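Colleague: Could we go through the charged pairs and the packing in this structure? Please keep the answers plain.

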Amino acid sequence: MRAQRTIHVVGVHAAGEVGDVIVGGVLNVPGKTMFDKMMHFWENADEIRQLMLNEPRGRPSKNANLVLPPCDPRADAGFIIMESEEYPPMSGSNTICTTTVLLETGMVQMQEPTTTLNLDTAAGLVCVTAECEAGKCKTVAFDNVPGFVFQLDLEVEVPGIGQVLCDIVWGGMMYAILDISQIGLTINSADGERLVQYGERIKRAVQRSIHPVHPENSGINGVTNLVFTEPLQDEPSGKTARNATIVSPGRLDRSPCGTGTCARMAQLRARNQLAVGESFRHISPIGTEFIGTIRGTTKIGDYDAVLPTVKGSAWITSFQQVILDPSDPFPNGFRVGDSWHVSR
């Protein structure tokens, strides 16, 4: 075997969403912060993301996470998140995947029954608490960066759909959130194609209407994801709701979406529909769930913000060596329109 590049990967999914973790074969890069390192990869070494996520090695419904030494001295490890169209500052499902791999492979020492660790992300320091038993990371709860609402009830005119109302929210990524009844659909995985088509069309209209900028980091700006929601329901254990998150370049997040759950809790708090400490069960299109709570409130710039915590589980699926043969005609992979949605 000859290889121009060999990358060591642990396959893993959280609530159905694939978030493979790169554990070897990629060196550290310059940067004073994890955000700096993220931008270095985006601007100078994007071929790694393309190799991992484009066909023939990748697919649209796949993410990759690169473990790096932390920049923050309080952190046990750092990681960079790679998605099909971008490097998001933070991702809940990918945090759960990465934590599970760090602990179950021994990269970070597991303590039973509870392991607490800090992860350095491009969005900031994230504290993680993992419930562990017999070498298995059973659940992962992460204390995310503060979430807040930029605007409620933004009126957006969408070609072919008409006017919709949506809320613009930060939860670790920038989201447009709207009630799915406005487009006459329900959240059902069988309707995934239509959900994606409508969601991408609405997202493009939102992007033309508003361009939010994070008050503490102007490098984080613009809406990149959209969450369709169904009405909030009351249960004996707390509140619950179904959601479908549309991720670029046009697909359904298989999980309930961790940062989307944080954004949803910030939205619900702004609407006085979720109290501090109240449990919130968020359900994905395939029926998997994350459990969220608001552990407190704060201010980010001029915005009232919540301190969200989200808990879920991940499972290791494989150990891989991803190879690039020097004669391979597709060193950065490729995309074909039958799988990769193109917005119109």
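Modeller: Asp143 is partly exposed, at 23% relative accessibility; buried means under 20% relative accessible area, exposed over 50% and partly exposed in between, with a 1.4 Å probe and protein chains only. This is a predicted model, in which local features need pLDDT of at least 70 and side-chain atom pairs count only at pLDDT 80 or more, while totals for chains, interfaces and linings use all residues. Residues are numbered from 1 along each chain as its sequence is written, and side-chain values use heavy atoms, with hydrogens and water left out.

Colleague: Which side chain meets Asp143 in a salt bridge?

Modeller: That of Arg295, at 3.9 Å from N to O; a salt bridge is a side-chain nitrogen of Lys or Arg within 4 Å of a carboxyl oxygen of Asp or Glu. Arg295 lies in strand E16 and Asp143 in strand E7, so the pair ties together parts that are 152 residues apart in sequence. Strands here are DSSP runs of at least two residues, and helices (H or I) of at least four, numbered from the N terminus.

Colleague: And Glu200, buried or exposed?

Modeller: Glu200 is buried, at 1% relative accessibility. Its side chain forms a salt bridge with Arg204 at 3.0 Å, N to O, and both residues lie in helix H4, 4 residues apart.

Colleague: Changing topic, how many residues has the largest nonpolar core?

Modeller: It has 55 residues, and Ile168 and Phe228 are among those with the most contacts inside it. Such a core is a set of buried Ala, Val, Leu, Ile, Met, Phe, Trp, Tyr and Cys residues joined through side-chain atoms within 4.5 Å. A second, separate core has 46 residues, including Cys262 and Met265.
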